[in-house]
Amino acid sequence: MMATALLVIDMQNFVTDRINRGVEMFPHNAIDNMRAILEIFRKNISPVIHIRHHSTEEGSLLHHSSPLAQPVKEFEEKYGEPVFVKNTSSAFSSTGLLTYLKDHQLSACVVIGAVAGFCVTSTVRAGADAGLNMTVIQDAVISFALKGDEPGAKLILDVTLALLAADFATVITTKELSEQLSRK
């Protein structure tokens, strides 16, 4: 089994703010599934890596000083869990993530977080391009509808995951991941 890290992408308060404002999201159990996966990785003492998006623009919703840029409760890093702060869509293009993974002989990543059609897909594609074995947990990534609600959150997620599964990643459910990890 390859050494595998969990990448928790952009689980910041902008996510819960969108949900609380009524923006359509899918799947509805994604955050609960993310919590379960995080707990599994921590119990197995497997590497957990947090990715956070911070805008460089003062006054931006994701500027490091904004409450919406802070981690969602229960998604804060624990002692020893690195945090990579990015200012691009992909976690690889504006951070030292790839170097960190190589230095720690981590050749596979399980990806959870937000937002599926944006930073998740950019990170997964860049990781695959870098030769990493990428796995996306389909019911532990969040999709939001675009402005005007079209296309909807589920359609965006379905298309995003289909494209990733076609050439960039293995796409499985939280249950399938749990079963794989319990066989170790």
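Analyst: The questions below concern a predicted model.

User: How are helices H4 and H5 oriented to each other, parallel or antiparallel?

Analyst: Helix H4 covers residues 116-129 and helix H5 residues 153-167, and their axes lie 10 Å apart. The packing angle is about 5 degrees. Angles under 35 degrees count as roughly parallel. H4 and H5 are therefore roughly parallel.

User: How do the residues of the contact of H4 with H5 divide into nonpolar, polar and charged?

Analyst: From H4, the contact involves Ala-116, Gly-117, Thr-121, Val-124 and Arg-125; from H5, Ile-156, Leu-157, Thr-160, Leu-163 and Leu-164. These residues divide into 6 nonpolar, 3 polar and 1 charged.

User: How many disulfides does the count come to?

Analyst: A disulfide requires two cysteine sulfur atoms within 2.5 Å. The cysteine sulfur nearest to that of Cys-109 belongs to Cys-119, 16 Å away, which is too far for a bond. Cys-109 is buried, with a relative accessible area of 1%, and Cys-119 is buried at 11%. The count comes to 0 disulfides.

User: Which residues of helix H6 are buried?

Analyst: Helix H6 spans residues 174-182, and its face turned away from the buried side carries the exposed residues Lys-175 and Ser-182. The cover over the buried residues includes helix H2, strand E5, strand E6 and strand E7. The buried residues of H6 are Thr-174, Leu-177 and Leu-181.

Conventions:
Residues are numbered from 1 along each chain as its sequence is written. This is a predicted model: local features need pLDDT of at least 70, side-chain atom pairs count only at pLDDT 80 or more; totals for chains, interfaces and linings use all residues. Side-chain values use heavy atoms; hydrogens and water are left out. Axes are lines fitted to C-alpha atoms, for helices over the stretch in contact, and angles run from 0 to 180 degrees between N-to-C directions. Helices (H or I, at least four residues) and strands (E, at least two) are DSSP runs, numbered from the N terminus. Angles under 35 degrees count as roughly parallel, over 145 as roughly antiparallel, 65 to 115 as roughly perpendicular and the rest as oblique. Contact means heavy atoms within 4.5 Å. Ala, Val, Leu, Ile, Met, Phe, Trp, Tyr, Cys and Pro count as nonpolar, Asp, Glu, Lys and Arg as charged, and the others, Gly among them, as polar. Buried means under 20% relative accessible area, exposed over 50%, partly exposed in between (1.4 Å probe, protein chains only).
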